[in-house]
Amino acid sequence: MENRTGRVIAQRRKELKMTQKELAEKLGVTNKAVSKWETGQGLPDVSVLAALSKALNISVDELLAGEKQAEKKLLSEEWETEKRRAVY
């Protein structure tokens with residue numbers, strides 16, 4: 001099973017120049033928990049999703065989908081453009 005949620009957690013944390021320990025402290029969890037999420041050995045408990053998404057400056061939807069909505073929209077727009085080209 002693909003670990004998209006963990007990947008987005010690690011990516012956003014690094015973009016924000018935060019350590020696992022710093023993120024863990026903001027959430028009231030251990031840095032070991034953050035490590036498990038990022039490596040796919042576990043998922044964040046539903047009780048921390050709102051705080052986690054706020055700390056990472058992304059929506060809960062983006063967190064769970066494992067991609068930023070802007071990226072998803074761009075891919076969708078590219079797909080639509082390709083479909084239009086194929087029709088003509």
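Reader: Which residues of H3 are called buried, and what does buried mean here?

Author: In H3, the residues Val 34, Trp 37 and Glu 38 are buried, a word used when the relative accessible area is under 20%, whereas exposed means over 50% and partly exposed lies in between, all with a 1.4 Å probe and protein chains only. This is a predicted model, in which local features need pLDDT of at least 70, side-chain atom pairs count only at pLDDT 80 or more, and totals for chains, interfaces and linings use all residues. Residues are numbered from 1 along each chain as its sequence is written, and side-chain values use heavy atoms, with hydrogens and water left out.

Reader: How do you know that the buried residues of H3 line one face of the helix?

Author: Seen down the axis of H3, they fall within an arc of 95 degrees, so they line one face; the arc is that of the directions from the helix axis to the C-beta atoms. H1, H2 and H4 are among what covers these buried residues.

Reader: What makes a stretch of the chain a helix, and how many helices are there?

Author: A helix is a DSSP run of H or I with at least four residues, a strand is a run of E with at least two, and both are numbered from the N terminus. By that rule the protein has six helices and zero strands.

Reader: How do you know that the buried residues of H4 line one face of the helix?

Author: The buried residues of H4, which spans residues 49-56, are Leu 49, Leu 52, Ser 53, Ala 55 and Leu 56. Their directions, seen down the axis of H4, fall within an arc of 160 degrees, so these residues line one face of the helix. The face turned away from that buried side carries the exposed residues Ala 50 and Lys 54, while the cover over the buried residues includes H1, H2, H3 and H5.

Reader: What makes a set of residues a nonpolar core, and which members of the largest one touch the most other members?

Author: A nonpolar core is a set of buried Ala, Val, Leu, Ile, Met, Phe, Trp, Tyr and Cys residues joined through side-chain atoms within 4.5 Å. The largest has 15 residues, of which Ile 9, Leu 23, Leu 27, Trp 37, Leu 52, Leu 56 and Leu 63 touch the most other members. Two or more residues are given to this core by each of H1, H2, H3 and H4, and the largest share, four residues, comes from H4. In soluble globular proteins, nonpolar side chains tend to be buried together.

Reader: Why is the pair Glu 15 and Arg 12 called a salt bridge?

Author: A salt bridge needs a side-chain nitrogen of Lys or Arg within 4 Å of a carboxyl oxygen of Asp or Glu, and the side chains of Glu 15 and Arg 12 meet at 2.5 Å, N to O, so the pair meets the definition. The two are three residues apart in helix H1 and therefore separated by about one helical turn. Arg 12, at 9% relative accessibility, counts as buried, whereas Glu 15, at 41%, is partly exposed.

Reader: How many salt bridges does the structure hold, and which parts does the pair of Arg 13 and Glu 38 tie together?

Author: The structure holds two salt bridges, one of which joins the side chains of Arg 13 and Glu 38 at 2.6 Å, N to O. Arg 13 lies in helix H1 and Glu 38 in helix H3, so the pair ties together parts that are 25 residues apart in sequence. Arg 13 has 8% relative accessibility and counts as buried, and Glu 38 is buried with a relative accessible area of 12%.

Reader: What makes Met 18 buried, and which residues is Met 18 in contact with?

Author: Met 18 lies in the loop between helix H1 and helix H2, and its relative accessible area is 10%, so it counts as buried. Contact means heavy atoms within 4.5 Å, and, leaving aside neighbours within four places in sequence, Met 18 is in contact with Arg 13, Leu 23, Lys 26 and Ala 55. Ala 55 is 37 residues from Met 18 along the chain, and their C-alpha atoms are separated by 10.0 Å.
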